[in-house]
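Biologist: I would like to go through the ligand site and one of the helices. Please put up the sequence and the structure, and then I will ask.

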Amino acid sequence: MSAATKNIPAWSDEDIEAFRDLARTFLEKECAPNEDRWNEQQHVDREIWNKAGDLGLLCPSIPTEYGGGGGTFAHEAVMAEEQIRAFAPSLGTAVHSTIVAHYILNYGTEEQKHRWLPKLATGELVGAVAMTEPGTGSDLQAVKSRAIRDGDEYVLDGSKTFISNGLLADLVIVVAKTDPDNQAAGISLVVVETADAPGFSRGRVLKKIGQHGQDTAELFFDGVRVPAANLLGGTEGQGFVQLMQQLAQERLVLALGAVASIEKTLEVTLAYTKDRHAFGKPVFNFQNTKFKLAEVATTAKIGRVFIDDCIVKHLAGELDIPTASMAKWWLTQAQCDAADECLQFFGGYGYMAEYPISRIYTDSRIQKIYGGTNEIMKEIISRFL
Ligand SMILES: Cc1cc2nc3c(=O)[nH]c(=O)nc-3n(C[C@H](O)[C@H](O)[C@H](O)COP(=O)(O)OP(=O)(O)OC[C@H]3O[C@@H](n4cnc5c(N)ncnc54)[C@H](O)[C@@H]3O)c2cc1C
């Protein structure tokens with residue numbers, strides 16, 4: 001029995017743990033050694049998507065009839081956890097497999113599912129979802145991008161920013177107004193295949209304070225003609241509802257990443273403080289260190305119990321919107337707090353990029369912002385109080 005399988009979560013089983021072993025080996029061998037280079041170039045190598053696809057690590061919860069792994073969200077969860085554990089977070093599989101593929105699975109027509117999902121599963125297509133615009137992020141109803149019907153096509157105009165996988169994406173789900181006079185009811189999701197889309201262009205890969213190896217890009221649509229058959233689900237005006245329904249799963253995967261990050265933070269900080277000496281004793285032995293790390297360990301434990309419960313509920317189709325929002329804000333806040341507290345124990349070394357704790361610190365910060373900001377999470381929760 002491997003170390004990881006000694007503590008199998010309630011939502012896992014032997015098959016899922018076998019998938020975990022596969023994911024871990026791939027991440028440790030194929031991704032972690034490249035992370036520094038990917039950070040420098042600000043994106044992963046395109047081929048790594050195909051390698052992940054060859055191993056069955058993409059779209060693991062998509063049914064086999066559409067080329068996926070035939071698993072469940074538990075497989076997605078394992079991949080997300082192992083990326084953090086292996087210090088190999090740059091491959092944007094959460095967006096690709098857990099979000100984009102599920103929009104297509106849940107809302108696509110049969111023709112759309114058969115057309116796109118097998119290629120997402122092999123890595124032939126890399127997926128992205130483009131909601132945010134320069135003028136609007138949290139207030140999704142205010143998007144300005146338009147997809148106006150013209151015969152058998154939509155004509156798409158607009159700008160998107162902060163799009164994960166934007167540089168390498170071959171398939172982009174674009175949030176646009178098919179009825180610009182309407183707010184939420186005017187929104188649709190239009191799928192753009194970037195290989196054959198005159199008028200589509202990519203802007204800069206944006207320089208960030210963390211997550212340097214994950215490409216985050218601007219996308220521009222200037223009169224892009226998209227076949228009407230690329231309207232997700234085939235009916236206009238469904239986009240906002242589709243987004244709201246899928247966001248719970250997106251928030252859950254971010255919250256799970258937060259718990260894995262707190263656990264990793266604790267692990268590297270315990271190792272460092274037990275080794276580093278000051279005033280003739282390990283830094284761990286100071287009462288302040290022990291008490292702070294006892295607090296972080298407590299947070300990790302509470303977070304683990306909470307997230308495991310959320311995953312069990314999600315697998316049963318019972319995770320409600322406010323609970324997913326609670327998990328997202330509370331755990332990502334705890335993640336950032338833990339990273340900040342623990343970096344302190346590394347002294348000046350904690351500020352050096354070569355020390356993993358500094359990367360944990362900078363990578364964590366965005367978690368409170370994307371996937372719906374933590375303020376928006378509290379807004380959502382308050383509606384159910
Ligand atoms: C690294 C990275 C990756 C990303 N990936 C993607 C992606 O793949 N696809 C995509 O579409 N987007 C992506 N985003 C965008 C991200 O989802 C948005 O940045 C986020 O939703 C916030 O939108 P905004 O930046 O426009 O901030 P704003 O909406 O302008 O918010 C500014 C501040 O106002 C607060 N605020 C806004 N409304 C309220 C309110 N009602 N009550 C209280 N406070 C409020 C916010 O919480 C925030 O603190 C990414 C962003 C980053 C940085």
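Biologist: How many Å from an oxygen atom of the ligand does a backbone N or O atom of G137 lie?
Modeller: Keep in mind that this is a predicted model. A polar contact needs a pair of N or O atoms within 3.5 Å. The pair formed by an oxygen atom of the ligand and a backbone N or O atom of G137 lies at 3.3 Å.

Biologist: What share of the ligand's area does the protein bury?
Modeller: Taken alone, the ligand exposes 970 Å². Of that area, the protein buries 64%.

Biologist: Which residue has a side-chain N or O atom 2.7 Å from an oxygen atom of the ligand?
Modeller: On the backbone side, an N or O atom of V129 is 2.9 Å from a nitrogen atom of the ligand. The side-chain N or O atom at 2.7 Å from a ligand oxygen belongs to T373.

Biologist: Which element gives the most residues to the shell around the ligand?
Modeller: At least two shell residues each come from β1 (127-130), β3 (153-164) and α12 (374-383). The most, 3 residues, come from β3.

Biologist: How many residues of the shell are charged?
Modeller: The shell includes 9 nonpolar residues and 7 polar ones. The charged residues number 2.

Biologist: Where is the kink in α8 centred?
Modeller: Helix α8 covers residues 239-275 and reaches 53 Å between its end C-alpha atoms, close to the expected 54 Å. Because 28 of its 37 residues are buried, α8 is largely enclosed by the rest of the structure. Its kink of about 35° is centred on L247.

How values were computed. Residues are numbered from 1 along each chain as its sequence is written. This is a predicted model: local features need pLDDT of at least 70, side-chain atom pairs count only at pLDDT 80 or more; totals for chains, interfaces and linings use all residues. Side-chain values use heavy atoms; hydrogens and water are left out. Helices (H or I, at least four residues) and strands (E, at least two) are DSSP runs, numbered from the N terminus. The expected span of a helix is 1.5 Å times one less than its number of residues. The bend at a residue is the angle between axes fitted to the seven residues ending there and the seven starting there. Buried means under 20% relative accessible area, exposed over 50%, partly exposed in between (1.4 Å probe, protein chains only). A polar contact is a pair of N or O atoms within 3.5 Å; within protein, one must be able to donate a hydrogen and the other to accept it, and residues adjacent in sequence count only if both atoms are side-chain atoms. Accessible areas come from the Shrake-Rupley method with a 1.4 Å probe; for residues, only the protein chains shown count as cover. Ala, Val, Leu, Ile, Met, Phe, Trp, Tyr, Cys and Pro count as nonpolar, Asp, Glu, Lys and Arg as charged, and the others, Gly among them, as polar.
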